[in-house]
Amino acid sequence: MGKTFTPLILPLLVLGMALVPVIGSRALVQDLFMVLCLLVLALNWNMLAGFAGLVSVGQQAFVGIGAYAMFASVILWGMDPLAGLLVGGLVAMALAVPVAFFTFRLNGAYFAIGTWVVADIARLAFSQWKALGGGTGTSLPKGAAQEMLGVATVRGLIGGSKAAAVDALTYWLALALVVVLLLASWAFLRSRMGLGLQAVRDNALAARAVGVDPLRLKALVFLLTAFGTGICGGLLFIQIGRISPGAAFSLLDWTAFVIFIVVIGGIGTLPGPVIGVLVFYGLERLLADYGTVYLIVLGLIGIAIMLFARRGLWGGFVQRTGLDPLPLSHAAPAAPAPTRS
Amino acid sequence: MIWLDTLVQGLMLGGLYALFAAGLSLVFGIMRLVNLAHGDLIVLGAYLILGIGTVTGLNPFVAALLALPVMFALGWLLQGALLNRVLGEDILPPLLVTFGLSVVVQNALLIGFSADSRKLPVGPIDAQSLPLGPVTVGVMPLLTLVSAVLVIVVLNQIFYRTALGRAFRATSDDPVTAQLMGIRPRSIFAMATGIALVVATIAALYLGARANFDPSIGPARLLYAFEAVIIGGLGSLWGTLAGGLVIGVAQAFGAALNPEWQVLVGHLAFVAVLLVRPRGLFPRAND
């Protein structure tokens with residue numbers, strides 16, 4: 001029954017989300033924009049850590065690189081911020097190549113530390129870029145975001161101020177990114193390569209024995225997630241409008257929160273990050289007035305999940321009910337293989 | 001002469017990093033546990049020393065002696081009650097649990113002690129210096145380096161000369177066979193983490209005595225410590241000392257070139273060593 005249920009409810013949900021800028025307040029749009037961006041980062045990190053077994057603590061490197069490349073495109077090369085997004089993604093992916101060459105030599109826990117060091121190197125290196133404000137950072141030129149491609153169209157569509165139109169546009173882009181990522185992840189994981197990836201995660205030796213090349217698959221995932229994370233970084237900082245090395249390469253904002261989101265929702269499951277980001281948002285609303293208590297609660301929940309329910313809320317749900325609306329596994333073919341015509 | 005001076009300063013700084021790293025190296029070597037909360041536990045140790053000193057009026061050096069058993073008990077409990085449950089083939093659970101622990105400890109300290117930076121009042125020794133051949137060195141930095149070497153010597157003695165150390169090595173090499181010989185890995189691990197936090201307390205003493213500290217500085221210090229452990233080589237305590245010195249010297253030379261480059265040059269030295277020797281300088285165990 002799950003299989004007929006899912007394809008119906010997803011487009012409806014996306015449609016509802018898409019209507020938020022039309023009917024909701026600006027504050028809500030900005031809030032949900034943040035949630036969607038965190039979801040993009042979480043989907044990427046889940047792909048890395050949950051499926052490819054690459055536990056990175058340095059994804060903030062690619063957020064920062066994407067954001068800085070977008071700022072450079074706009075400020076130094078006079079490009080449109082939307083084109084800057086693409087540049088951000090491409091630069092992040094290009095820089096992921098040397099990063100992979102270094103960090104892939106380290107395995108397991110060493111890899112985590114290696115990526116963390118790389119992210120810190122990136123933060124310190126970008127602090128040296130004087131044209132973009134060095135250590136103190138800089139702002140997008142006045143009006144750059146409001147003159148952005150598509151803002152006028154959006155304004156014609158929903159009315160309101162230019163700033164509200166920018167909010168709506170970035171929100172829709174984030175929503176589109178989430179949808180594309182979800183569909184692409186699902187297609188990828190169900191594909192031959194995705195199957196190989198999960199096989200490597202579950203038993204590397206057995207997977208290699210049947211001809212899966214783990215290194216090639218992992219490198220591919222690393223580069224693609226760097227691309228997605230870089231674009232998301234650019235998008236975040238179009239909305240924020242101001243960049244500094246500390247904010248762009250923040251371990252807490254772009255990696256720690258993301259890890260908690262994935263772990264709470266269910267690492268290594270596709271709906272996990274979605275569930276996780278909902279819980280995260282709820283907790284944030286609930287405990288917004290107690291900054292530090294909020295973080296302590298988040299930490300304790302993360303620990304509890306690892307102790308009592310390793311597969312997170314979604315994994316626990318699937319295990320308990322046996323119901324998996326978004327199955328990633330391929331069922332063994334029933335007696336005779338299904339005929340293809 | 002300025003270069004010699006920088007080198008000596010770097011070695012002293014490296015001593016501090018080696019102290020941060022020694023406990024980490026022990027735990028890492030024995031049970032392959034990456035403790036992401038180690039930096040915050042060191043900061044916790046510094047606050048404990050500060051608290052004991054404030055309440056009793058004792059000198060931080062004496063207060064640290066009182067803090068040692070408390071921190072040992074904390075480490076023992078932490079490993080026995082929490083970390084032992086998540087150790088296994090999969091490296092993800094221990095990473096995430098210690099990561100959560102790091103966030104919890106850091107923010108609990110923030111609530112308890114506010115974000116104000118503190119310093120341990122060690123008295124006149126803080127400002128004293130010794131002429132050592134052509135260079136002059138501060139007494140506290142020198143004491144840090146000497147303590148680091150002593151800690152490594154003592155840990156090596158425990159590791160290679162005692163029954164406990166034999167159990168450590170056996171469990172590190174082959175936990176299943178060690179179990180057959182009547183060793184209980186879980187209690188061995190609890191002892192190891194207890195000892196690691198004793199070393200962390202010594203590190204906390206010098207951390208707090210040499211510079212200001214506040215609840216948020218744990219993770220950055222942890223990163224230097226990890227670099228020392230990794231370039232030293234898994235399971236080699238002398239390697240960890242060497243790793244700490246490499247990072248310290250690199251940072252000192254970086255800072256001499258441009259104050260903004262201190263940390264960056266340290267990281268680059270880490271990358272350079274690993275590019276040449278992916279398993280570190282003196283690897284003992286296989287990972």
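The model is predicted: local features need pLDDT of at least 70, side-chain atom pairs count only at pLDDT 80 or more, and totals for chains, interfaces and linings use all residues. Residues are numbered from 1 along each chain as its sequence is written, and chains are lettered from A and ligands numbered from 1 in the order in which they are written.

**The interface**

Chain B puts 30 residues in contact with 29 residues of chain A. Two residues are in contact if their C-beta atoms, placed from the backbone, lie within 7 Å. Helix 3 (60-86), helix 4 (92-113), helix 9 (218-232) and helix 11 (262-276) of chain B each supply at least two residues of the side that touches chain A. Helices (H or I, at least four residues) and strands (E, at least two) are DSSP runs, numbered from the N terminus. Helix 4 of chain B gives the largest share of that side, 14 residues. By type, the side of chain B that touches chain A has 25 nonpolar, three polar and two charged residues. Here Ala, Val, Leu, Ile, Met, Phe, Trp, Tyr, Cys and Pro count as nonpolar, Asp, Glu, Lys and Arg as charged, and the others, Gly among them, as polar.

**Annotated spans in chain B**

An unreviewed UniProt entry carries the annotation "transmembrane region" for several spans of chain B, including residues 95-115 and 229-249. UniProt positions are given in the numbering used here, feature names are shortened, and annotations may be inferred rather than shown by experiment. Residues 95-115 of chain B are 90% helix and 0% strand, with end C-alpha atoms 26 Å apart. Residues 229-249 of chain B are 81% helix and 0% strand, and their end C-alpha atoms lie 15 Å apart.

**A helix pair in chain A**

Two packed helices are described by the angle between their axes and the distance between the axes. Helix 3 (residues 26-51) and helix 14 (residues 272-287) of chain A pack at about 140°, with axes 9 Å apart. Axes are lines fitted to C-alpha atoms, for helices over the stretch in contact, and angles run from 0 to 180 degrees between N-to-C directions. Helix 3 and helix 14 of chain A are therefore oblique to each other (under 35 degrees is roughly parallel, over 145 roughly antiparallel, 65 to 115 roughly perpendicular and the rest oblique). Residues that meet include A:Leu39 and A:Asn46 in helix 3 and A:Gly272 and A:Tyr281 in helix 14 of chain A. The contact of helix 3 with helix 14 of chain A divides into nine nonpolar, three polar and no charged residues.

A:Asn46 also touches A:Val262 and A:Ile267, among others, not counting residues up to four places away in sequence. The C-alpha atoms of A:Asn46 and A:Gly160 are separated by 37 Å, at 114 residues apart along the chain.

**Single residues**

A residue is buried if 20 or more other C-beta atoms lie within 10 Å of its own, exposed if 12 or fewer, and partly exposed in between, with C-beta atoms placed from the backbone.

| Residue | C-beta neighbours inside 10 Å | Class |
|---|---|---|
| A:Asn46 | 27 neighbours | buried |
| B:Ala64 | 25 neighbours | buried |
| B:Arg32 | 19 neighbours | partly exposed |
| B:Ser114 | 11 neighbours | exposed |

B:Arg32 is not a glycine, yet has a positive phi of about 55°. B:Arg32 sits in the loop between helix 1 (2-31) and helix 2 (38-56) of chain B. B:Ser114, also not a glycine, has a positive phi of about 65°. Its loop joins helix 4 and strand 1 (129-132) of chain B.

B:Ala64 lies in helix 3 of chain B. B:Ala64 touches B:Ile49, B:Thr201 and B:Leu205, not counting residues up to four places away in sequence.
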